[in-house]
Structure formats: structure tokens, C-alpha cells
Amino acid sequence: ILLLCVSGMRAEPARYSVPEEAERGSFVANIAKDLGLTGEELLARQARLVPEGEKQYLQLNQRTGDLVVREQMDREELCGQSEPCLVRFEVLLESPLQSFRAEVRLTDINDHAPVFLNKEIVLKISESTMPGTRFLLESAHDPDVGNNSLQHYSISSNEYFLVYTRRRSDGRRYAELVLDRALDREQKAEVDFSITAVDGGTPPRSGTASIRVVVLDINDNIPVFTQSLYKVSVMENSSQDAIVVVVSASDLDSGTNGEIVYSIVQNSEENFETFKINPETGQIRLKKPLDYEETKTYEIDVQASDGGGLSTHCKVEVQVKDVNDNAPEVIITSFTSTLSEAAPPNTVVALFNVRDRDSGDNGRTTCELAGEQPFRITLLAADAYALVTSEPLDREQVEEYNVTVRACDEGTPALSVSKTLFVRLLDVNDNAPTFTQAIDTMVMSENEPAGRSLGRLSATDPDAGQNARVRYALVPPPTGTLAAASFVSVDFESGTVRSLRPLDYEKVPAFEVTVRAADGGSPPLSAQAVLRVVVRDENDNAPVLLHPAPDSSAAGELVPRWAPSGYLVAKVVAVDADAGQNAWLSYELAKATEPGLFRVGLHSGEVRTARAVTERDAARQRLIVLVRDRGQPPRSTTATLAVALVEDFSDAFHQLGHGPASGEQPQVAEEEMLTTYLIASLCCVSSLFLLSVLVLTANALCKARVRAELSPPSPSCYADGVFGSDGVGSTGTLSPAYRYEMCLTSGSGRSEFRFLRPVLP
């Protein structure tokens, strides 16, 4: 029960009062005391007043909690004749968000005197009028209310009339003139006196008008209305000059005494400005459109007068029916146009009121947001709302919002109004830069001079302003690693990568560095990417011979005279330290003693016989093999081979060791050598069978002994490491390493002939 009571008390608005036209700074009340808060709490919670209307008449002192008058208020201007006259407002507190409704009643002061619209009132009264007859007089107008409004009428002393003060249903007072004594035109044709209207203020104020009564000759019938009270209803959207009602009166007299003229008794200025009557037909029409929100009911006094001066009165009561002709109004009382994208949900963006001047369903309103946006409307109090954020904001997705608040009433047809608020988000450094590629590859030429541009790194940051300014830097490598950062540099602003010194592809074929991109936010955010620089090989290395050895004058090879076409004489082996096409080697026979006898494999380097060896071929042949790569320009080297054509292997040592280096023998020496070969051939034929058996037996024994006694090849013997130490790496063109055995025939004291064959692991 206590909770319900407390809840009810807080929902009830606080009420205060202040006299109208109070001076600026006049004290009204202490808001802090009524809310149970201190001045420090009001200041900390940013207490402020939110008026119901667009004008701020009151002011709140946040330090003391005093509510004072900010601007003088005229009760008659604000409320007219309405009572009570209330100035409503709300006290808005933040952290947490709270709203308290309050109202200040303007108490009336007697600042207006009653005023008659006409300073002279003329009445025409027949002399036959009976005493006690009442005549309706024009009412005085006093804009004050309550006791300060018009209270009673009085007239100056005269012999014929009295005045009575009457009260209407709406509380306003009017005067009735009563004939106290019969008139006699022959004695007095006109009676003059004054009427005074007095209000109830302290001190009282009054207004005066003169009355002139013209005594008419006898007219024994007065007009009579068909109704003493006409009640009509008029829609407020009725057009100007529309007929409101038609009043009708009749007079039994004839002639001018029976001719009736209709008129409206000017009992208020408002009636005079709103209605008009046709004096002949009695049609009452509108002078201007009606407005239910300003006046809901009108009382019109209609007078019917005949030609003889007799008159009668009736009342017309006009009820104005409300029409939904007022759209709701959205009144912004507080608005923040810029908002940080880091603002949490429920952050207040704007405060506004929705007001509809219509009544009933036509005045009930609802409020909503148009479209899907990260905002929502919170109801603070009746017709008071707050626009707050409903979810986290992201400026990188949406930079600004046009928030449309739509207010709609419940009339038929419903009317609505929209108010658009432009909200711009302020950037927060919440996004790190992003490289277009996590691993970026650039190419530089071998031996390229320093300072050349290799390319440009690119990183973007979706933030704005200083938060989106990206700067680049190389990340220092760990200690003990290749100082690749000394090979290139990255421009701080543009990200352009430049070489710092020439590089040798054979030493550094490629390297990687880490690049950091940092934005200008506080604190700055950064990202890293790997820059891989590939060195493009240039043809700066000539082929290197492995076999025959480049330091030997000429390599000796033996070819039997019976060698057929395609017989393998030797194999030229060379490598190139370059890579790719620059390391592709080709072999060709540059020069030979007999060019048609030998040929060289273009890619294999194998020297073979191009045809079968004949007796006419010179015993000593000299071959020059050209080894050339495919670079631009190509580089080359040559290998020299000395080939001896022998009948058997016993002459190999003699031909290779003691022949002339030039290979050119005199014709006599060649003939002697041919004779020796013929004799040797005869000996060989005779002992061919025996020699064949001995050779086959010795060969079998030799193989068995070698396989039994030879240990497995040493890992260091012609291993990859050996070639690697001589500068031959995996990038060359030499096939995997070979290991060779050497076998000698028994009894070959002078022979050094070698059988070379690969022994596979």
C-alpha cells in the first residue's frame, strides 16, 4: 500500500502558483526541496526545465534549486477567459534519466477595467410599455476572471428605470434594464442616464456608458420568436458564410409596426467577429471559420424589432463540434547533432514533446521512427519523449543518419507530422590498418643500383581524419638473423619500397622483411605484412667445366678402331652458377681434326662417333667443344679433348703419353704406324681366342675381388658437399654425382688404359 501511495504521489504533478505579470527573477518555489534533492545533486544530474510549449517562461537555478520567473506572463494573453491558467513544464534529470511534471498556476490580478463596446446605448421604448418590462442591455467586457471580473451593474438616478445584474450559464454577468414607471411621451420624449459596470478587484475598477431612451408612440404588439432558445451544432470546419441557424419572429401589427428587423445584440466582441445576421430573413451566418480549440460554445442574443420600435429577444446557443483538423506538433526541446560512434546504447540524442490541439481521439497521439535505424523512442511522460540509441554505432558502416520522427493522431482520417533530425557520427580509432595483401612479392634485378623503386605497399584504414593516416616502417629482424632490412627501405608516408644496395642472386636469391603500417590515432593501431623480394637473375656467370678439368691442357680419350657409329667417346660436364634460362647449357663441336667423325649431344654434352671409325682416320684427333648458356648476352667456355684411335689398348700409353701435342705427324710416321698396326693385328688374330679367354677370366676374378674388398663409398667421396664447396649448388645443371671404379689388366706394365663406369649406390 505504501509503495502504491508513493508511486501515485510521484505521478501527480507538483503544483505552484505565481501572480500574473510578476517581475523577472521573482521566486516561485524550491524544486530541489520538493524533489528531495540538494543543489549539488541537481547540478550533477544536469537538471533542466522542459516547457510544454515553445516559450520558456520559468527558469531553474541548478545551484539553489529555486524556480524563478524568467519572463513576465500575462494571464489574459496566455489563457484568455479559461480558468485555471496553468503553465506546465517538466523537470528532467539525467544519470539516471528521470522526469517530473509540474505546473504553475497564474493567479489573476485586477489589471483590466470593464469596458462597454459602445459608449452610447440607444433604446426605443413605447410609451405603452408596462412597468416591470425588462430590456437587455449591452454587456461590458472585462478580460479578468474570478473576483476581478465584472460583478455588477448600476445606473445613475432617474425616475423610470432600475437595473438588475443577471448571470449567464457560463458565469458571465449581464445587465437587464427594468421599467419601474410608465412612460409618457407627452411629458418626456427622451430619458438619459448612465450605466456603470464594476468588477470585484481590490481596488475595484469600473467602466461607464450613457443610455438614451427614446419614447415611441404606442405600438401595442411586440414581435414574438417561434422559440425563445435555439440550440444548434456546427462543425468547426464549416466554411465561411455558412448558415448556422435561421431565427423567426412574427408581429400582429400591420404596416411599419409589423415589419420586423433582426439584429444581434453585441454582448461580446468575439460574437461580433464570428457571426452576422440578415436583418430581413433572420439567417445567421459565419463571418470566419470556427476553431473548436479556441471556443467550444457561443451564446448569441438576437433581437427582433418592428417598425414601431417594439422588440423582443431570443438566445441562440451554438455548440462547435471538433474535427480532426490539427496535425500533431513535434517540439524539439533538446538535440545533439553530433554523436561519438563509441556512444553506448540508451544515449540520449534528443528530447521532444508531441502536442495535438484536438480533443478526444483526435488529440491522442502515437510516436514512431521511420525506417530501420539504431535508434528508438522512449516515453518519459505524457506526450514527452526521448530519442536514444538502441544499439552500438559504427561510423565505418554508416557515417550519418537522417532520423525521421513521425507523430500520428487517432482521428479519422488520421493526421501525422514528421520531423527529421540529422545526426552525424564522430570517428573513434577502432580500426587497424589493413594491407591489401598479407604477403606482397616484389622483384628486383641482380646487380640493380641502389635507390631504384621496387613497388609500393598499400594499406587502408576505414577510419577518418588522423585516425586513417597510415605510416609505414620496417620491423627490425630478430638478432642473429639475416639483416634483410639493410637491403631495402620503405617510405614513411607513401609506402614506396626502394633498394639500398646491389644484390648478387647467387648469394641472396630472395629475402623477406616485415613491414608495419600504423595509423595516427591515439593510441595508434597497426598491422603487419610480409614483403618478399625476389632477386631476378642476370647472366653474369660463364659456364664452368667439371670434366674435363679446366686446368688440364687436353683430356685424353681412347677409341678403338672398331668403334661403330654412336660410340660414346667422352662426356663434357659443365655447370652455370646462374639460374633459369641463364643456366641452360648447350654443347656443340666448335672445332675437330675430322669434323665428320664426331658429334656432340646438344644438351647432354656426350661426345659420340658420328660414323664408324675407318683405317683412314687419323690416329690422333683433337676436339674443341663449345659450352654456351642461353642468357642475353650468352656466355660460353670451351673444353679440349684429345682422342686416340687404337687397335688395342696396349698402344694407349704410347699414343697418349709420347705423341706430339699438336697431333700432326709426318706422312712417313703415319705409314710406319700403319705397318705396326698390321703386324699387331696379325698377332692379335692368332692369339684372339686365348686372349679372350684370359680377359674374361681376369674380368670375373677382378669383379669378385673388388666387390669383396671395396668398402662402401665414403659419404665425402664425390658427395654433394664436395660439389657444394666448389661452388656447384642445386641450382646448377650437373646431374647427381657419379662414383667411378678403375680396373687394370694384369701384366699391363706400359698401359694406363682406364675403364670408367658408374657404380650406382
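Reply: Gladly! Let's start with a definition: helices (H or I, at least four residues) and strands (E, at least two) are DSSP runs, numbered from the N terminus. In this predicted model, aspartate 241 is placed by that numbering in the loop between β18 (229-235) and β19 (243-246).

Me: What makes the phi of aspartate 241 worth a remark?

Reply: Most residues other than glycine have a negative phi. Aspartate 241 is not a glycine, yet its phi is positive, at about 75 degrees.

Me: Why is aspartate 241 called partly exposed?

Reply: Buried means under 20% relative accessible area and exposed means over 50%, with partly exposed in between. Aspartate 241 has 36% relative accessibility, so it counts as partly exposed.

Me: What can you say about the phi of asparagine 346, and why does asparagine 346 count as partly exposed?

Reply: Asparagine 346 is a residue other than glycine with a positive phi, near 75 degrees. Its place is in the loop between β27 (338-340) and β28. Its relative accessibility is 46%, and therefore asparagine 346 counts as partly exposed, given that exposed begins over 50%.

Me: How do you know that aspartate 251 has no salt bridge?

Reply: A salt bridge needs a side-chain nitrogen of Lys or Arg within 4 Å of a carboxyl oxygen of Asp or Glu. For aspartate 251, the nearest side chain of opposite charge is lysine 124, and that is 14 Å away. The conclusion is that aspartate 251 is buried yet has no salt bridge.

Me: Where does aspartate 251 lie, and which residues is it in contact with, leaving aside its neighbours within four places in sequence?

Reply: Aspartate 251 is in the loop between β20 (249-250) and β21 (261-265). With those neighbours set aside, its contacts are Asn221, Ile222, Pro223, Asn257, Gly258, Ile260 and Asp306.

Me: What makes the bond between serine 522 and proline 523 a cis peptide bond?

Reply: Look at omega: it is about -5 degrees for the bond joining serine 522 and proline 523, and that bond is cis. Proline 523 lies in the loop between β41 (510-518) and β42 (526-536). Histidine 547 and proline 548 are also joined by a cis peptide bond, with omega about -5 degrees. Proline 548 is in the loop between β43 (544-547) and β44 (555-560). For context, most peptide bonds are trans.

Me: How many cavities of 30 Å³ or more are there, and what lines the largest cavity?

Reply: The count is 2 cavities of 30 Å³ or more. About 40 Å³ of space lies in the largest cavity. Its lining includes Val50, Glu90, Thr333, Phe352 and Tyr385. The elements that give two or more residues to this lining are β6 (86-93), β28 (348-355) and β31 (384-389), and β28 gives the most, with 3 residues.

Me: What is the mean pLDDT of the protein chain, and where is the pLDDT below 50?

Reply: The mean pLDDT of the protein chain is 82, and 87% of its residues reach 70 or more. Over residues 1-10 the pLDDT is below 50, and this stretch has 2 contacts beyond near neighbours in sequence. Residues 711-757 also have a pLDDT below 50, with 56 such contacts in the model.

Me: And how many helices and strands does the protein chain have?

Reply: The protein chain has 9 helices and 51 strands. Of its 761 residues, 38% are buried.

Definitions and conventions:
Residues are numbered from 1 along each chain as its sequence is written. This is a predicted model: local features need pLDDT of at least 70, side-chain atom pairs count only at pLDDT 80 or more; totals for chains, interfaces and linings use all residues. Side-chain values use heavy atoms; hydrogens and water are left out. Buried means under 20% relative accessible area, exposed over 50%, partly exposed in between (1.4 Å probe, protein chains only). Lys and Arg count as positive and Asp and Glu as negative; His and the chain ends are not counted. Contact means heavy atoms within 4.5 Å. pLDDT is the predictor's confidence in each residue, from 0 to 100. On a 1 Å grid over the protein atoms alone, a cavity is a set of points where a 1.4 Å probe fits but cannot get out, and a pocket is an open set with protein on both sides within 12 Å along at least five of seven lines; lining residues have an atom within 4 Å of a point. Grid points are joined across faces, edges and corners, and a volume is the space filled by probe spheres set on the points.
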